[in-house]
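Reader: Please take me through this model term by term, so that each label can be checked against its cut-off.

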Amino acid sequence: MTSGMLLLTAARANPTELPAVAGLDGAEVRAALVAALLSHCCPGDAALIRALTRAEIDHVSARRGGCGDVLLACCWLLFVLGEPADSGLVWAAKSIDFDTHSYIDSALLVPQGVEATAAWARAHGQEQLASHVEGHLTEDVDEAISDWRTSAFFARVPPASAPAKELAAWIRQ
């Protein structure tokens with residue numbers, strides 16, 4: 001049985017292509033990888049996290065409804081990386097539908113603060129994102145950012161050494 005760490009090692013070697021795992025479909029592989037990253041993420045995982053987020057956006061969009069913890073975890077991992085440029089990807093996830101807009105906290109759009117995200121968004125033609133962060137985030141945004149940075153939302157993740165199927169089931173519950 002493939003562990004989350006073995007899956008993560010394979011994905012790190014080629015972040016643009018999901019590893020194949022017998023008995024798991026693509027959605028389960030993505031879920032297991034995201035769960036493993038929650039406890040074993042490093043700065044070098046940025047490309048993998050972005051690829052997983054794009055794939056999960058496509059999956060949720062095709063499913064037409066609902067936002068699960070896999071997509072939320074992808075957005076949180078991007079937030080933790082702290083690059084304002086990733087706010088465009090978080091915004092794409094948040095903008096899929098009503099469920100994702102409600103479930104993905106706007107604070108995840110501003111890892112370096114409102115001004116940094118708004119400046120990046122305007123420089124890259126994403127006026128809706130800039131308007132959203134400037135108009136919808138209150139003076140409590142610093143507290144919300146701090147809450148997500150210290151959050152225990154994903155604290156009960158099984159160890160990355162757990163079987164990939166168990167990790168996928170945990171995050172998708």
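**Core, helix and salt bridges**

Author: The largest nonpolar core has 59 residues, and those with the most contacts inside it are L38, I104, L108 and I171. Helix α4 (residues 69–81) gives the most to this core, with 10 residues. This is a predicted model, in which local features need pLDDT of at least 70 and side-chain atom pairs count only at pLDDT 80 or more, while totals for chains, interfaces and linings use all residues. Residues are numbered from 1 along each chain as its sequence is written, and side-chain values use heavy atoms, with hydrogens and water left out.

Reader: What makes a set of residues a nonpolar core?

Author: The term stands for buried Ala, Val, Leu, Ile, Met, Phe, Trp, Tyr and Cys residues joined through side-chain atoms within 4.5 Å. Contact in general means heavy atoms within 4.5 Å, and I104, leaving aside its neighbours within four places in sequence, is in contact with C67, L71, L72, C75, V90, A93 and K94.

Reader: Why is S3 called buried?

Author: Buried means under 20% relative accessible area, exposed over 50%, and partly exposed in between (1.4 Å probe, protein chains only); S3 has a relative accessible area of 14%, and therefore counts as buried. S3 is found in the segment before α1 (4–13), and, apart from neighbours within four places in sequence, it is in contact with A160, S161, A162, P163 and A164.

Reader: How do you know that α2 is largely enclosed by the rest of the structure?

Author: Of the 15 residues of α2, 12 are buried, so the helix is largely enclosed by the rest of the structure. The buried residues of α2 pack against α1, α3 (46–63), α4 and α10 (164–172). Helices (H or I, at least four residues) and strands (E, at least two) are DSSP runs, numbered from the N terminus.

Reader: What span is expected of α2, and what does the model give?

Author: The expected span of a helix is 1.5 Å times one less than its number of residues. Helix α2 (residues 26–40) reaches 21 Å from its first C-alpha to its last, close to the 21 Å expected.

Reader: What makes the pair R12 and D45 a salt bridge?

Author: A salt bridge is a side-chain nitrogen of Lys or Arg within 4 Å of a carboxyl oxygen of Asp or Glu, and the side chains of R12 and D45 meet at 2.7 Å, N to O, in such a bridge. R12 lies in helix α1 and D45 in the loop between α2 and α3, so the pair ties together parts that are 33 residues apart in sequence. At 2% relative accessibility D45 counts as buried, whereas R12, at 31%, counts as partly exposed.

Reader: How many salt bridges does this rule give?

Author: The count comes to 6 salt bridges. Among them is the pair of D86 and R50, whose side chains meet at 2.6 Å, N to O. D86 lies in the loop between α4 and α5 (87–94) and R50 in helix α3, so this pair ties together parts that are 36 residues apart in sequence. D86 is buried, with a relative accessible area of 5%, and R50 counts as partly exposed at 23%.

Reader: Which residues are linked in a network of salt bridges?

Author: R122, E127 and E134 are linked in this way, and the side chains of E134 and R122 meet at 2.8 Å, N to O.
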